Amino acid sequence: MVGQTQAIRSQDRIRFSAFHVIGCIMCALEDRVGMGVVTVQHVVEANRRIEDDDGNQHAMTYPACRWHHLGEVPYNCKGSPNKATMYYGPSLQHSKREFETRYGTERQLIDITDAMVRMVMDNRRKGEYLPPRQTKRLIQQLHREIVQRDPPSNGWQNEVCYPT
C-alpha cells in the first residue's frame, strides 16, 4: 500500500489550482476539452509515491480526469471499459502499458505539467486567462517536444494523433 500523502503546502495549493485551468492532459492529447473534474495523480514507483529533490510528493503530480486516473467509466459509455478506451483512450488504472505507450511515461507527463503550471502562473501574474483550446494546443506541442524526442523504452511508438 502506498499510504497517506504528505500535508499540502501553500506552493502545492497553487500548483493544484493551476490543474483546473490545465485540465486532464490525456484528454487534451485525445483532442477533448472539459471532460470534467480533474484529480491529482501522484506518481507511484516501487509501491511508493515519488518525491522531488526537496522531498515533496505533491510536486510529482499531474492532472487527470476520473477515467484516465481511476478508471471510472464515463456515463456515456454505459459501464463498458472497452467503449471508454475506444472513445477516451486508455486508462492508467486498466492498462499502464497501453497508457504509457500512448501518452508517455508518468515522469514525462510531470514535465508537461510543470511547463503548463509555469505558463498558467505567468498568465495569472499578467492578469490574463489561458483559454481551453489554447491550453490543449500547448499541451499537444509540449507532448511532441518531450515525449516524441524521448520515446518509451518498450519499443512501441507513441500513438497519439494530433489534429491538423
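A polar atom of the S91 side chain lies 3.2 Å from the backbone nitrogen of Q93. S91 itself sits in the loop between α4 (81–88) and α5 (96–103), where helices are DSSP runs of H or I with at least four residues and strands are E runs of at least two, numbered from the N terminus. S91 counts as buried because its relative accessibility is 1%, buried meaning under 20% relative accessible area, exposed over 50% and partly exposed in between, with a 1.4 Å probe and protein chains only. Leaving aside residues up to four places away in sequence, S91 touches W67, H68, L70, G71 and F99, a contact being heavy atoms within 4.5 Å.

This is a predicted model, in which local features need pLDDT of at least 70 and side-chain atom pairs count only at pLDDT 80 or more, while totals for chains, interfaces and linings use all residues. Residues are numbered from 1 along each chain as its sequence is written, and side-chain values use heavy atoms, with hydrogens and water left out.

The predictor's confidence in each residue, pLDDT, runs from 0 to 100, and its mean over the chain is 82, with 86% of residues at 70 or more.

| Element | Residues | Mean pLDDT |
|---|---|---|
| strand β3, lowest | residues 48–49 | 76 |
| helix α6, highest | residues 106–126 | 93 |

Over residues 154–158 pLDDT stays under 50. Where pLDDT is low, the predicted coordinates should not be read in detail.

Among the buried residues of α6 are L109, I112, M116, V120 and N123, and the helix is followed by G127, whose phi is positive, near 80°.

Notes. Polar contact = N/O pair within 3.5 Å; in protein donor to acceptor, adjacent residues only side chain to side chain.
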